[in-house]
Amino acid sequence: MDKRLPPLLVAVFINIAGFSLILPLLPFYGQVFGAGPFEIALLFAAYSFGNVFGEIHWGRQSDVWGRRKVLAVTTFCAGLSYFAFAYAPSLWAAIGIRVVSGFFSGTLSTAQGFIADVSKPERRAKTMGYFGAAFSLGFAFGPVLGGLFAGEAVVAESFRTPIFIAGGLSLLASLWCVTALRDAVPPKGKGAPLPRYSEAFAFVSGQPLLLCLFVISFSGIAMFASMEAIYGLWSEANFGWSAHDLGFAFLALGSGGLIAQLALIGPLSARFGEARVILIGLTLLALSMVLQPVIRLPIAGVLLMGLLMMGHSLTFPTAGALLSRNTPPQRQGSTMGLMMASNAVGRIVAPPLFGLIYARLGHDAPWYAGAVTIVLVMLVAFQAVRLSPKMSPSR
């Protein structure tokens, strides 16, 4: 492993811990402003909305400034936005601040660019596995910290301490980037060209396998984001959980992702091929959704969220890898950029829609609607299996 990589992984861990710390608080912090399910889902979606523009801007800016400077500046500004979020005067101000937080946190492409700078192509998949593990560890650690420091009463003061901790973690990540991170390549002085989405769309439309992968990725990520958004409301209504309880439940999300990244995705891909791994992941997603309201027990509520994250972590990195392997080098940038934009639209549009479903059709309706959607997507995945290059399972 390149010695410049561990400092990046530490920065990713700290930053994701701060971001995920906020997640179990959102359903309850929204209620401070009298928010209903739709508005609470907007708090989740607003971050993704800012994230879209952040990924486009900071990815290109990192070519101009260097990866280290961009990561240091953005984590510092994200930290300040958390402090502002703790004192949001109204629901719409809180939503606006979440957009700003998402913008300054839109640096995954910058981190991935750093990985590309320091790793040889033949080791890049393994290196991305380390990145995924750091992400999942942060996602497991942050919500627990948020739950531990959240108060029981649904008032703004109950949530300020954990939000301050999230801001502090972002500032710590910024300081770490300044002191420990070193660029592997000098800044280029100019940003990479914007992805040509129209050309990428025309190319993908003419490639049945790539079109299947786009449908799978868009729909599945939209459903995962929607379940994540309504989970706090659903568990509060069914189990009487507070932000404290939900923080520990979110530990299952990070753990499920970590198990999938470290222990499952590599061996399963080698044995069955990437397209079948996508199908396995979608199956886990559908099962986790449909069983949640059927079993309706607190322990099942936790374990099934871990299964949800495991399915998500098997499906979508694999879909991206299969897309990349079947896209010619000259179209990689625009096609992967289009997939990132498509996935972001799913994360923005779907959670508020499922918030409305939760409010209008009943608390269990989003789980069933999500499961039905994933089952339909599985039909597309079967087509992807048929279209993907044949491979001999390893023995």
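The dialogue below treats salt bridges, a surface patch, a helix pair and a contact in turn.

Me: What kind of model is this?

Reply: This is a predicted model. Residues are numbered from 1 along each chain.

Me: How many salt bridges does the count come to?

Reply: Side chains of opposite charge can pair when their charged atoms come close. In this structure the count comes to five salt bridges. One of them joins the side chains of Asp117 and Arg67, with an N to O distance of 3.0 Å.

Me: Is Arg67 buried or exposed?

Reply: Arg67 is buried, since its relative accessible area is 11%, and the cut-off for that class is under 20%. Asp117 has a relative accessible area of 24% and is therefore partly exposed.

Me: Which residues are linked with Arg67 in a network of salt bridges?

Reply: The network of salt bridges links Arg67 with Asp63 and Asp117.

Me: Where do Glu274 and Arg325 lie?

Reply: Glu274 and Arg325 form a salt bridge whose closest N and O atoms are 2.6 Å apart. Glu274 is in helix α13 and Arg325 in helix α14, so this pair ties together parts of the chain that are 51 residues apart in sequence. Glu274 counts as buried, at 17% relative accessibility, whereas Arg325 is exposed, with a relative accessible area of 56%.

Me: Which residue meets Arg296 in a salt bridge?

Reply: The side chain of Arg296 meets that of Asp364, at 2.5 Å from N to O. Here the two residues come from loops: Arg296 from the one between α13 and α14, and Asp364 from the one between α15 (332-361) and α16 (365-387). The pair links distant parts of the chain, 68 residues apart. Arg296 is partly exposed, with a relative accessible area of 33%, while Asp364 is buried at 19%.

Me: Which residues form the nonpolar patch on the surface?

Reply: A patch of this kind is made of residues with over 30% relative accessible area and no salt bridge. In this structure, Val294, Ile295, Leu297, Ile299, Leu303 and Tyr368 form the patch, and together they have about 580 Å² of accessible area.

Me: Where is the place of Leu297?

Reply: Leu297 is found in the loop between α13 and α14. Its relative accessible area is 45%, so Leu297 is partly exposed.

Me: At what angle do the axes of helix α4 and helix α8 cross?

Reply: The axes of α4 (residues 67-86) and α8 (residues 157-180) come within 8 Å and cross at roughly 165°. The two helices are therefore roughly antiparallel to each other. The crossing in which α4 passes α8 is left-handed.

Me: How far apart are Leu246 and Gly147 in sequence and in space?

Reply: Separation along the chain and distance in space are read separately. Leu246 and Gly147 are 99 residues apart in sequence, yet 6.6 Å apart in space from C-alpha to C-alpha. Leu246 is in helix α11 (residues 243-249), and at 0% relative accessibility Leu246 counts as buried.

Methods:
This is a predicted model: local features need pLDDT of at least 70, side-chain atom pairs count only at pLDDT 80 or more; totals for chains, interfaces and linings use all residues. Side-chain values use heavy atoms; hydrogens and water are left out. Patches are made of residues with over 30% relative accessible area and no salt bridge: like charges are joined within 9 Å, nonpolar side chains (Val, Leu, Ile, Met, Phe, Trp, Tyr) within 5 Å. Accessible areas come from the Shrake-Rupley method with a 1.4 Å probe; for residues, only the protein chains shown count as cover. A salt bridge is a side-chain nitrogen of Lys or Arg within 4 Å of a carboxyl oxygen of Asp or Glu. Helices (H or I, at least four residues) and strands (E, at least two) are DSSP runs, numbered from the N terminus. Buried means under 20% relative accessible area, exposed over 50%, partly exposed in between (1.4 Å probe, protein chains only). Axes are lines fitted to C-alpha atoms, for helices over the stretch in contact, and angles run from 0 to 180 degrees between N-to-C directions. Angles under 35 degrees count as roughly parallel, over 145 as roughly antiparallel, 65 to 115 as roughly perpendicular and the rest as oblique. A crossing is left-handed if the near helix is turned anticlockwise from the far one by less than a right angle, and right-handed if clockwise.
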